[in-house]
Structures are given as C-alpha cells and as structure tokens.
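Biologist: I'd like to learn how to read a model like this one. Can you walk me through it, feature by feature?

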Amino acid sequence: MKRWPGGSTMIDRPESISQRAETAFVAQAVGAPARRTGFGLIERRMALDRLAEAIRRHETALVAALAADFGKPEAEVILTEILPVMQELRHARRNLRRWMRPRRAWPTLATLGTSARIRPEARGVCLIIAPWNYPFSLCLGPLVSALAAGNSAILKPSEMTPATSALIAGLIGEAFAPDLVTVVEGGVEVSEALLALPFDHIFFTGSPAVGKVVMAAAAKTLASVTLELGGKSPTIVGPDADLAQAARWISFGKFANAGQTCIAPDHVFVHRAVKDAFLAALRARIGKSYGEAASSPHLAQIVNDRHAERLSGLLGDALAKGAQLTLGGEAQGRRMAPTLIEALTPEMRISSEEIFGPILPVIPYDDIGEVIARINAGPKPLALYVFDKDRAGTAQIIAATSSGSVGVNLTVAQFTHTGLPFGGVNHSGIGAAHGEYGFRAFSHERAILTNRGSALPLIFPPYTARVKRL
Ligand code: NAD
C-alpha cells in the first residue's frame, strides 16, 4: 500500500485488501474523522474554497489525465468535468447559510404549546463511489454536497480511468487532512472492502447491477444510500418537432463523450411522417460536428478495449439479426464513428441493453400510444426526451410515463441546472444529487419538538372519561 502526501490512501494490490491489517487501516481512516456531528458554516465554506483552489491548480493536469484515460477533447473536459463541479461549488457556497438554517414547522392542534424545528445535520462519514465516464465530476460533484452538509468522506474513484484517479488522489491529499477527505484508489475488491465498513451514508454512481450490490451491502449496516444509476433513456421526435433543433441536441447529447453518458439519448422514436427529414437533418448535423469518420478530434474514445469490443458486439449482433446500418459503423482502435442504425427488432441485444456508446437506433412510430406502452414496459429510465412544438401532446407523454428527469426540446442540459434534482427512479436510481438536493442527500433532517406549555399531558393515564372524549 502506498500513502499519498497528505494522507490519501492508495491500495494498488487488490488482493491485499482482504488482509486484516490493510482493511483495518482503511477502517481506521474511515473511522478517524472526529467531526461526526458536522461542522459550522465558516469551516464548511473554507473546505469548499480549498477544493475550488485545488481544482484550479490542477486544471491543466486534469485535461492531460482525461486525454490519457480516454482521449477526451479539452473542450469536453472543461465543459463536462470542471465546469459542473465549479458551478456546484459556487452554488453551494452562495446558498449554504440558507440550506443549513433550521426550518420551523407550524404547530398542529394536538401539539399546541410546542415549538417544532427541522435541523439538517451531517450524516457523518460518507463513502462516494464514482464511475469512469465522467470520472472527475461524478467523484468531486458529490463531494461538494458532502462537505456542504458537514460530512467527512472517503472517495473511491473508478479504476478504469487510472490517470484521473491518481490526479484526484493527489489533489485531495493536497487540499484536505485525511480525517476530513481521503481517497482510496482501486477496483472491485477495494470497493467491496470499503462497502463492508459501517458508513453513515453511501453515494454510488454506476450501473444498476452494481447499484444492487451496493444496496445489499448497505443493508448490512443500515447505511442510507443515494444510487445514481443508468439505463436506456428514450427520445421521442414528434410530428411537429423542429427537426433541425432535434438533430442538433440529439447529436450533441448522444455523441459527446462518445455516447458514454448516463443521460445520453439511448434510442430515438421518430414519427414516421418526419423520419426521412429527421434522418437527413441528423446526418447533416453529425457531418458538421464530427465529420463521418472515427478519427474526429472532437470525439472521445471508448474507455477501454473491453467496452470497444462490447459495442462492436452489440452492433454486430443487431446487423446479423437484420438491422440496417444508416451511417457510420467504422472504428479505429478505440475510436468509433457516430453510428445510426434502423430496422430494430426486440430479439437484438441492443434493444434491451444500455448502449453507452456512439450507436443510435432510430425507430419509426405511427401511434404515440405504442411508444408510451414500450417505454412503460421497460425499467423506468434515467431521462426521457421529447422534441415537439405541440405542448399538450408533450404534456400527455410526460403524464403517461415515469423517468428520473425529462428534457423537452433539448438533451442532457437538465444535468447543469443546479436548482433541479438530478437522479433516477427505481431501476435508474434512488435519491437525488445537485444543489440543495445534494445537500439534503448528505444531511439527516432531525425533527426537534420543544415543550413550551403543551396540553399533551392531558392524555396521560389514568385514562378518565375526559381523555376518551378528546
Ligand atoms: P460500474 O457500476 O461498473 O462501476 C462504478 C463503480 O463501482 C466503480 O468505482 C467500480 O470500481 C465499482 N464497482 C464495480 N463493480 C463493483 C462491485 N461488484 N462491487 C462494488 N463496487 C463495484 O459503472 P461504470 O461502468 O463505471 O459506469 C457506467 C454506468 O454508470 C452506466 O450504467 C451509466 O449509466 C451509469 N452512470 C450513471 C450516472 C448517474 O448520474 N445516474 C452517471 C454516470 C454513469
């Protein structure tokens, strides 16, 4: 095991985590924080400021780390990794005093003569487990909420993006004492060892399959959980959609980060009357943004060979079962060209598995009722997108379905709104992140009722006839 300057912990031999001594070391790090009951406004703001300064100092190194991990274009690093965390930091700093303030609850008839308050309190020691697809912002974004709520935290970045993981460990080691924030690097075994420890709260971002593992582990200690999961996010292009607008947003939402975005449009249902015009607009937009080759410098790579093979396997399976390749399909190493396919059938794996890559199935429909029935037959998605100028029709689609969030005439931008809860529902997640919702996820809302001359003693035994009349 290596110790990072400043105390972050790196476990680089996964098998060794099972040795009692090392597990005990992690347990000690986890148990060490003395601030279990939370700290005050000034200290929380100072922690947020230290994080902001450390991020600014490491910006250039972060661009290099994400280029090394999966060829992410610099503009995408700035827009999708650094900006969201800085925005969360600014928003939390500005609103923290209000979020921390105890709220009053009005007395009820039965509790007249009492005063009631709800006091948000730190949960304690929190575990944040992050995925690889936005390995920086999905690790440090939740940390902003954890610190704002007065917690200490252990961060477990993804092992699939090792350069970013090492950068996070160094950055956190510089900014924080280990009893406040500690990074533990490593893969599944490390994650499992951490999950065996008695955390007060676990904030997990990743796949639904691992989300179930996390929830089962949390059940053993009754830790509270926030699960930010994934799934297939459907997109509907209605007959009255602005097709150029739909093409622009769908192309951006789907092909940014090479489609490796939890809220990327997974597949598009398009009204048959506008299908050809939509496809023409989409092809034109893809050509303008990326060209039609895999070599575009504006496209990120697929994160590793295993995922590149998974994607070519998904595409191969669909084509072998009769799907039609409309655009793309070409791959150069781990770079894959934006790809459009049509003529899908339910037997194809791509019809049920989360795609999480730059392949976009386009499915024509005649009756919106069929589309709603198909969406409702599957697990509740993380996001649903609707493109249509018909507001009443859009409202009907929203009312007839369920999803973590909805984007109307746009994609993925709901992630950037600090005033909106970000999260899934059931299969796509439990709980929410961002802004005040993130603060609440990491807080316990403690109910405090104080007697100021309440009439409640009237109900105490002995139970006279008068009590029964109350
Ligand atoms: P993943 O579930 O494979 O891994 C996430 C984290 O869990 C990693 O740190 C990994 O080390 C750890 N892990 C993996 N297997 C584990 C196990 N058996 N026990 C304990 N820990 C384990 O997810 P991923 O491949 O990194 O990310 C892709 C998935 O995450 C997609 O499904 C995507 O939709 C989802 N996602 C969701 C959001 C969101 O905000 N809702 C954001 C990004 C990604």
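Predicted model: local features only at pLDDT ≥ 70, side-chain atom pairs only at ≥ 80, totals over all residues.

Biologist: At roughly what angle do the axes of α2 and α6 cross?

Modeller: Roughly 135°, with the axes of α2 (residues 41-57) and α6 (residues 162-175) coming within 9 Å. Angles over 145 would count as roughly antiparallel, so α2 is oblique to α6.

Biologist: Which residues make the contact?

Modeller: From α2 you have Arg-50, Leu-51 and Ala-54, and from α6 Leu-171, Glu-174 and Ala-175. Sorted by class, that contact has four nonpolar residues, two charged and no polar ones.

Biologist: How do α9 and α10 cross?

Modeller: Their axes come within 8 Å and cross at roughly 50°, with α9 spanning residues 243-255 and α10 residues 275-290. That makes α9 oblique to α10. The handedness of this crossing is right-handed. Among the residues in contact are Leu-243, Ala-247, Ile-250 and Phe-255 of α9, together with Phe-278, Leu-282, Ile-286 and Tyr-290 of α10. By class, the contact of α9 with α10 divides into 12 nonpolar, two polar and two charged residues.

Biologist: How many bridges join β15 to β16?

Modeller: Three, and the two strands run parallel, with β15 covering residues 339-342 and β16 residues 359-365. To find one on screen, pick Thr-339, whose bridge partner in β16 is Ile-359.

Biologist: Last, the ligand. How many residues surround the ligand?

Modeller: There are 28, and the closest are Pro-131, Ser-191, Gly-206, Gly-230 and Cys-262.

Biologist: Which helix gives the largest share of that shell?

Modeller: That's α7, with four residues. Both α7 (188-195) and α8 (208-221) supply at least two residues each.

Biologist: And how do the residues of the shell divide into nonpolar, polar and charged?

Modeller: You'll find 13 nonpolar, 10 polar and five charged residues around the ligand.

Terms used:
Residues numbered from 1 in each chain as written. Near = placed C-beta within 6 Å. Nonpolar A, V, L, I, M, F, W, Y, C, P; charged D, E, K, R; others polar. Pairing = 2+ DSSP bridges. Axes fitted to C-alpha atoms, helices over the stretch in contact; angles between N-to-C directions. Parallel < 35°, antiparallel > 145°, perpendicular 65-115°, else oblique. Contact = placed C-beta atoms within 7 Å. Left-handed = near helix turned anticlockwise from the far one by under 90°.
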